[in-house]
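Here are my notes on this model, point by point. Please keep the structure open beside them.

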Protein chains: 2
Amino acid sequence: MNVLIVFAHPDPRSLNAALRDEAVRELEANGHEVRISDLYRMEWKATVDHDDFPDLPSGGRLRVAQASREAFAAGSLTADVAGEIEKLRWADTVILQFPLWWFSMPAILKGWIERVYACGFAYGVGEHSDRRWGDRYGEGNLAGRRAMLVVTAGGWESHYGERGINGPIEDLLFPITHGMLHYPGFEVLPAFVAYRVDRMDEAGFRRTASDLRARMRALAETPPIPYRHQNGGDYLIPSMELRPGLEADGDRGIRMHLDRSRG
Amino acid sequence: MNVLIVFAHPDPRSLNAALRDEAVRELEANGHEVRISDLYRMEWKATVDHDDFPDLPSGGRLRVAQASREAFAAGSLTADVAGEIEKLRWADTVILQFPLWWFSMPAILKGWIERVYACGFAYGVGEHSDRRWGDRYGEGNLAGRRAMLVVTAGGWESHYGERGINGPIEDLLFPITHGMLHYPGFEVLPAFVAYRVDRMDEAGFRRTASDLRARMRALAETPPIPYRHQNGGDYLIPSMELRPGLEADGDRGIRMHLDRSRG
């Protein structure tokens, strides 16, 4: 299997980096091929701007989706972005690994999503009709591949639990797991989250690394989060609302999009 | 009132920028003072890295929270970050305005949060004991101030509704409204969201601008989202879980943190 790890921590001697190295060793020991996009090391350009679209007239308006669609179609995306798209096409599984900063991914990784997810590649794909609303949420160019988050958090696990003050980690990560990964087609595995990493001692690290290695060994068999496919009949078109009665008892809002009969 | 608008769109001729100008005119016409941090125009540095901490030895490890705490205490934060902290101290109300990109804020604005929210200023504040878990979630250095999001989205409103496929907009924005705004102390007003902005005609713009101006006139009186205060007795310490039975019927996960008796 081909595994791409997109890594977003600024310190090569961090616990994060040590966990990444554990994952890589385990994957390679199991015969997988691994490539890493180490965003800080690559000095990844984090902001989408006019410079991303060399063909755009220099005084022209920047309509990001339109410029992105044209550049993707013309093959005129910048080399750094084109290189990442090629890695995504190569990968069977994509892992985004990052410290949870302000309950979301670091800016540098958000900027990777914004720039690499070209229009026509990761969105704006497929037919729009009364039966389909484009190829997204389980369909699209990245369908058939798996994705997973590996996250470190400073806070306690209970603070991120069902009743925890920060909100449940699954709900906090929903804009990423559902919105950035399921949207362009990935099947999304449950996130691996390590808590209280600022206070982690050597024994804690060994336990965490061992858990992470087990997740790496199980990459191909781990059941994905059972997000619904958009065009499978569960949603009304064009309102894109879940048909009445499909949700499990007690599921409201974002949790409705889990098909617990598959879960 | 002093109003700070932190603005994150790359195109000065965008609908976003036009809406910002409408808001500014309305606020100034009502006697408020307005300052704008136009992040793209400022070429805001979006990534936290070693360069943010000039006092840190050049080969040293980068522990972001610790480096940030030391730099904030020593007054050695970089000038751009110190300038934004000064604006936050000046402001009675802070507005973050941005296009919703991949169900979250643009990387450049996320990087503003990461760099400006220094340790000792926006987090890592206050006493930790069996009665208090620091000053956060309604307390802290930004308590007593108001904050609000102004967001534009390409998708339809129903796609972001209670049953919409993207997830309800309030839930998608929770990591921002609760995690980035309520956390350092702000009272957070309901977000202003404009939908289908890529297809908006002149009449649609006039309606949207009129709605936004009304929200600007009502800034001081709009009831905030009734997020709970951390140290008011609703949460167990140190697990920081909501005490059993406090949530409204049917509220689970992130919605538990709404005190609907205030709402």
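1. B:R25 is partly exposed, because 14 other C-beta atoms lie within 10 Å. The scale runs as follows: a residue with 20 or more other C-beta atoms within 10 Å of its own is buried, one with 12 or fewer is exposed, and one in between is partly exposed, with C-beta atoms placed from the backbone. B:R25 sits in helix 1 (residues 15-29) of chain B. Helices are DSSP runs of H or I with at least four residues, strands are runs of E with at least two, and both are numbered from the N terminus. B:D49 is 24 residues away from B:R25 along the chain, and their C-alpha atoms are 37 Å apart.

2. A word on the source. This is a predicted model, in which local features need pLDDT of at least 70 and side-chain atom pairs count only at pLDDT 80 or more, while totals for chains, interfaces and linings use all residues. Residues are numbered from 1 along each chain as its sequence is written, and chains are lettered from A, with ligands numbered from 1, in the order in which they are written.

3. Chain A has seven helices and six strands. From the N terminus, their order is β-α-β-α-α-β-α-β-α-α-β-β-α. Of its 263 residues, 48% count as buried.

4. The contact between the chains takes 52 residues from chain A and 52 residues from chain B. Two residues are in contact if their C-beta atoms, placed from the backbone, lie within 7 Å. On the chain A side, helix 4 gives the most, with six residues.

5. The largest nonpolar core holds 151 residues. Such a core is a set of buried Ala, Val, Leu, Ile, Met, Phe, Trp, Tyr and Cys residues joined through C-beta atoms within 7 Å. A:V6, A:L109, B:V6 and B:L109 touch the most other members. Helix 5 (residues 169-182) of chain B supplies the largest share, seven residues.

6. Which residues does B:V6 touch, leaving out those up to four places away in sequence? They are B:S37, B:L39, B:V94, B:L96, B:L109 and B:W112.
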